[in-house]
Amino acid sequence: MQSYIVYLGTHPVQLNASLVDHDHAVLYHYELLGSCLGSIKKAKSSLFYSYNRFINGFACVLHDDDVPKVQKHPKVISVFLNHGRKLQTTHSWNFLGLEKDYDNIPSNSIWKKTNFGEDVIIGNIDSGVWPESKSFADEGIGPVPKRWQGTCNSKDEVKCNRKLIGVRYFNKGYLKYARRVARRHNSTYTVTPKMMTSRDFNGHGTHTLSTAGGNLVPNVNVFGNGNGTAKGGSPRARVASYKVCWEPIDNRQCFDADIMAAIEAAISDGVDVLSISIGGGPEEYFNDGVAIGSFHAVKQGISVVVSGGNQGPMPGSVGNIAPWLFTIGASTTDREFVNYVTLGNKKIFKGVSLSDKGLKSEKFYPMITGEDARANDTPVKNASACQPGTLDPEKVKGKILVCLWLGSKQLETGKYADKLDAVGMILANHKKLPNVAFTNMHVLPTSHINSKDVAHISNVKTEFDTKAAPAIAGFSARGPNMIDPTILKPDVIAPGVNIIAANSEATSPTNLNSDNRRIPYITMSGTSMACPHVSGIVGLIKAVHRDWSPAAIRSAIMTTSRKTDANSNPIVYENDNSSANPFAYGAGLPNPNSALDPGLVYDLNAESYLNYLCAHGYNQSLIRAFTISEKPYSCPESFNVMNLNYPSIVLPYLNGSIELTRSLKNVGSPGTYNVTVNAPSGVSIVVEPSSLNFEKYGQEKKFVIRFSPRSSDKGYRFGEMIWSDGMHNVRSPIVVKNDPKKVNGTIVVCLDEMLTDRDDKTNEALIEQCRTCETEHCNGSPGLVYDLTPEDYMNYLRRNTVDFIMQNNKVPASMEIEAVQPESISESGSLPPKPKFKPLKAHEMSDGRVQFRKVSVPPHRYSPLKKAWMDIYTPVYEGMKIDIRMNLKARKVELKTRPDTPDISNLQKCADFVHAFMLGFDVIDAIALLRLDELYVESFEIKDVKTLRGEHLSRAIGRLSGKGGKTKFAIENATKTRIMIADTKIHILGSFASIKIARDSLCSLILGSPAGKVYSKLRSVTARLAERF
């Protein structure tokens, strides 16, 4: 049994409806569910939330067999799992221009013009609140606004006041999952007092709420660093906390059933702004609890600001991507908390930290690396990273411990070093990791450096203007949008690194049980911290422009944002200082002072979004999920998703001339605006008319934008469009991709930019529709010509990852000796057939519906399997909808389909994924098999390379495990593969093309070619591949 959300659409009950109406709605939900389960009694024991005010639906527990019954009910829009999600200042507002030189607020500041956002109500859906924080004191604040309908709901001493005007908690969805997990482990889940309170026990909710609307609190610092006045974006706003996030279970802590209940409560309570710093992967809107709940909030005029997620820098990782949401990425600021490591030879390394102490001045201490301090029989890799239990305490005592940081938890490493009586710790990045360092509140003097004798670690100090800012935070999720690539996400960025804000004093700054320190203000990083910055800015605008829609407020912030740093240089990526693009920063960094008076806005209403959903492909049943009336919504005869009046413009394909329309509304003085276009390279853009004259406030004018390609440049290109009257600059980012090309009514996809489809059946069907040809649009290389319309292609694109995978359409040069003869490519230029790998044995039940796979567990993988079980279970069970369990007695992992398994091919994908883990691949590498259909595992025996026997075989194995090991590592890096060597067998995980290159390189190495010569040849091949991206 699992918990599900059953969504019925918008409830016709209005805000002032009576309690009787709501009771009738609850009874209706019982009756509907009872008709599917067989009785009202069963429905009452199953249903645990009834959404009966604005959202029409309920959350319930269902057996797998009952799900199809509920799905078939004519009133049901969608049934989806109660997904678990994860949670995602004294200087920020100075950095954003609201104040100068700290507490010096200029006359043009939005704070003065809006009276600091007085009486705007900001709701925060998060992990609760620490009500005793000075950020939520009500001294000097007037009565609670009469429009507030909320309550103070908590089973303990949490009290509301004139600042913190409401608290609620929602835990039913979480408890259903917690009890299910407990049953799976033959245990029971006991509800503790911590589960019946709105109090924040981890600090996340307190931090985000105070960032959005906390008071002005002077003399705030963290261990003496970053001293200043802490304040929220709307310091005089009223705030309300809705707790939906609890202690993590299987890395999940906030559940959709609770989030939807919180959103509905916030709408009813009367909030003006909702801030949601909770992340999740991109989902179709009707299966996304945040998207569904937020749509109903936006219809009521409530702006919903959300975090984009911390899965960066991976392309296509941004979440919360519905067009009615205001999605925020994270940037750095110009402030750092730094310390310095001085070696005995006086060489100095700059690091970052927030340790509350340094070492004694002028005193140097001996250093020791984790590798040198390793205990007997400890793997070098584990000891180098100073993993708990890997080091000899006698070797570490009294020394500075140098640990190689592999991306593991820094604070636990520091705790272990302190336990071993190290005097300090230096964290050095592994060369594979990004060029970033993280600030943490370590329990001993620590410095995280980005680059052996004796050393000294200085105290931490605060430094400003040390590097370009803002820069895109390495963790900030990126576009393109995986659900609809025509909608640019994130919308903007905001400060999200080392943000100082209020903290829960129920936990230590490290969240370690052994750490007894408690501090009222703390630094945190994440898009969770960026989101409430924008929520606070939205609150300021709402305080003055109460008649503006959520879309108008978003437009005002986006079109006045800047895409340059403080020195007018392009915004860069934190990881490597290369220039960033709108897939990372959206419209840019907000300029709050300008956003209050943007001149013009791109406005949208509920009908606009419904028209968009029509063009997105939703049928009447799905459209009903978002409408108020039971009557069918009349979709416009012609509406393109790219014509949604969004402030940014994305064309994921340009196959000839394309015409888009936009409209601008005047929200300022009458005037004439002229357009300037900085077109992306290789694209011609014409705007008609090029001048718009507005005679009064609220007047709207339409204009047309015509795009046409000027060159065969491939890939995404970026530009901008600016409307200006001399005082206001209304800027829109433009993203265009000059591919695929349209040739004689068909679409060409070049073989060097093949799309990777998640759906094997769809991919095979498309391949059957295409023919191979030579075309100038692919620079003479083979191309696949699809008989598809652009609309069909857009639907195809939405079903796929937006990433493009290199396919090698030429035979790679032989590495050295003829090791393994690669397959040749036919004269027509078509790709060789995909390799066929022997499938695992399938077992099919007599009904032909439920299918099984069984994967054997080798003895040496049994212990790793148990440790990584949840990392394996989650993507299989939740992501691919496949049941999976360990059969301890039979030493097998068993997989089977479920009624909600979307595609039978998912079963084989999951079996391949588990099989790859059993071969020895890391679970993260093996997960790639689930994410990309173009990834395979190929295995071959070393002894099968030519005729290796006896001492020659031993010598070959030695070459791979000795010096050849370095070349093996180089091969992995160059070809983007993973290579496992087990006894005399080699396993390679990678794409079809990359496996061939890696295999040839390995075979040349085995047969005796010098490692340097092999790698030299390899570089020439991979260089050719890189040139074609």
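**Cysteine pairs**

Modeller: Cysteine 245 and cysteine 254 form a disulfide, with their sulfur atoms 2.1 Å apart. Keep in mind that this is a predicted model.

Colleague: What is the handedness of the disulfide of cysteine 245 and cysteine 254?

Modeller: The S-S torsion is about 115°, so that disulfide is right-handed.

Colleague: Cysteine 245, buried or exposed?

Modeller: Cysteine 245 is buried, at 2% relative accessibility. Cysteine 254 is buried too, at 0%.

Colleague: How many disulfides does the structure hold?

Modeller: Four. Another one joins cysteine 386 to cysteine 403, S to S 2.0 Å. The torsion about its S-S bond is about -100°, so this disulfide is left-handed.

Colleague: Which parts does the pair of cysteine 386 and cysteine 403 tie together?

Modeller: Cysteine 386 lies in the loop between α10 (380–384) and α11 (393–396), and cysteine 403 lies in strand β20 (residues 400–405), so the pair links parts 17 residues apart in sequence. Both cysteine 386 and cysteine 403 are buried.

Colleague: What about cysteine 36?

Modeller: Cysteine 36 is in no disulfide. The nearest cysteine sulfur belongs to cysteine 60, 9.2 Å away. A disulfide needs the two sulfurs within 2.5 Å. Cysteine 36 counts as buried, at 11% relative accessibility.

Colleague: Switching to cysteine 152. What is cysteine 152 joined to?

Modeller: A disulfide joins cysteine 152 to cysteine 160, S to S 2.2 Å. The torsion there is about 95°, so the disulfide is right-handed. Cysteine 152 is partly exposed, with a relative accessible area of 32%. Cysteine 160 is also partly exposed, at 26%.

Definitions and conventions:
Residues numbered from 1 in each chain as written. Predicted model: local features only at pLDDT ≥ 70, side-chain atom pairs only at ≥ 80, totals over all residues. Heavy atoms only, no water. Buried < 20%, exposed > 50% of the residue type's maximum accessible area, 1.4 Å probe, protein only. Helix = DSSP H or I, 4+ residues; strand = E, 2+ residues; numbered from the N terminus.
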